[in-house]
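Subject: Structure for your review

Dear colleague,

Please find below the structure that I am handing over to you. My notes on what was found in it follow directly after.

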Amino acid sequence: MWILFAFGSALFAGLTAILAKCGVRRTDSTVATAIRTIVVLAFSWLMVFLTGAQSGLGDAGGKTLLFLVLSGLATGASWLCYFKALQLGDVNKVTPVDKSSTVLTVLLAFVLLREPVGVYKALGVLCVGAGTWLMIEKKAARETGEESGLWLPWALGSAVFASLTAILGKVGISGVDSNLGTAIRTGVVLVMAWAMVFVTGKGDALKAVPRGELGFICLSGLATGASWLCYYRALQDGPASVVVPIDKLSILVTVAFSGLVFHERLSRRAALGLALLTGGTLIMIRG
């Protein structure tokens, strides 16, 4: 059953990127992150009470809470980087870099969680890395203008923190219901996101959010909430080195919708990169 939840996570994660891009065209990315976290938090706690998981709150040990908090901080950092990257670059450039967190997650799972890395996973890692490079290298080289290449460091930061989120989250949900764990860590993200809004002096930007973009921001929050619930339910029962690659297949959903919504097209080089990235992900699942 966990594999179905993993694919559900991929579907909703793919929709999240498209909806979020629609919501940060004129809205500051940090403000958008803070707003959408409110939606995710409400969605998460609704699921907690619908499933009766709130009864396990008192049973969560100190170690579990610590790793959930750390996972929440990593998620908050990943979100802030990701939506800043989306604001500066094309979805088809940002998403492959973000999904390359699969490589680091597999390595961290091997070192920290002792999850084995066989021939298939090793081959998959190489394919994902090569595919990511093919999807971004040529486009990045041709960029011009003031924002040329500025999206890349943010996208890389998103990938690093996303991999840490998966490892910390895997440890954190070992002693608590996945719905409750998701709700707790979302609360941490909420505090971090709003702290960043006011620390950076962007509180006034809240009044300038266009209504249309506000709707897309809220929808992206709902998609994220659904993705998280599926993702951490899958992580609770399945190995992180398999769940994470399946989740990263969301790039197929993102690329498909980016073509329909933003008219972003893949070059032959980028299409080959997408094929390698997808093939590498499937190989990792097989391994």
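Predicted model: local features only at pLDDT ≥ 70, side-chain atom pairs only at ≥ 80, totals over all residues.

The side chains of Arg233 and Asp237 form a salt bridge, with an N to O distance of 2.2 Å; the term salt bridge requires a side-chain nitrogen of Lys or Arg within 4 Å of a carboxyl oxygen of Asp or Glu. Both Arg233 and Asp237 belong to helix α9, where they are four residues apart, about one turn of the helix. Helices are DSSP runs of H or I with at least four residues, strands are runs of E with at least two, and both are numbered from the N terminus. Arg233 is partly exposed because its relative accessible area is 28%, and Asp237 is partly exposed because its relative accessible area is 45%. In these notes, buried stands for under 20% relative accessible area, exposed for over 50%, and partly exposed for values in between, with a 1.4 Å probe and protein chains only.

Residues are numbered from 1 along each chain as its sequence is written, and side-chain values use heavy atoms, with hydrogens and water left out.

Other salt bridges

A search of the whole structure finds three salt bridges.

Arg26 counts as exposed because its relative accessibility is 68%, whereas Glu213 is buried because its relative accessible area is 6%.

Asp28 and Lys202 also meet through their side chains in a salt bridge, at 3.2 Å from N to O. Here too the pair links distant parts of the chain, 174 residues apart, with Asp28 in the loop between α1 and α2 and Lys202 in the loop between α8 (178-199) and α9. Asp28 is buried because its relative accessible area is 19%, while Lys202 counts as partly exposed because its relative accessibility is 24%.

Ser29 lies in helix α2. With a relative accessible area of 2%, Ser29 is buried. Leaving aside neighbours within four places in sequence, Ser29 is in contact (heavy atoms within 4.5 Å) with Val24, Phe83, Lys84 and Gln87.

A buried lysine

Which residue is buried yet has no salt bridge? That residue is Lys21, and the nearest side chain of opposite charge, Asp90, is 5.3 Å away. Lys21 lies in helix α1 (residues 2-23) and is buried because its relative accessible area is 13%. The side chain of Lys21 reaches the backbone oxygen of Leu86 at 2.6 Å. Not counting residues up to four places away in sequence, Lys21 touches Leu86, Gln87, Gly89, Val91 and Phe262. The C-alpha atoms of Lys21 and Ser258 are separated by 9.5 Å, although these residues are 237 apart along the chain.

A nonpolar surface patch

Leu104, Leu107, Val160, Phe161 and Leu164 make a nonpolar surface patch of about 360 Å². Patches consist of residues with over 30% relative accessible area and no salt bridge; like charges are joined within 9 Å, and nonpolar side chains (Val, Leu, Ile, Met, Phe, Trp, Tyr) within 5 Å. Areas come from the Shrake-Rupley method with a 1.4 Å probe, and for residues only the protein chains shown count as cover. Helices α5 (101-112) and α7 (151-172) each supply at least two residues of the patch, and the largest share, three residues, comes from α7. Leu164 is placed in α7 and counts as partly exposed because its relative accessibility is 33%.

A loop residue

His263 is found in the loop between α11 (250-261) and α12 (268-286). Although His263 is not a glycine, it has a positive phi of about 60 degrees. His263 counts as exposed because its relative accessibility is 58%.

With kind regards

Note on methods. Lys, Arg positive; Asp, Glu negative; His and termini not counted. Polar contact = N/O pair within 3.5 Å; in protein donor to acceptor, adjacent residues only side chain to side chain.
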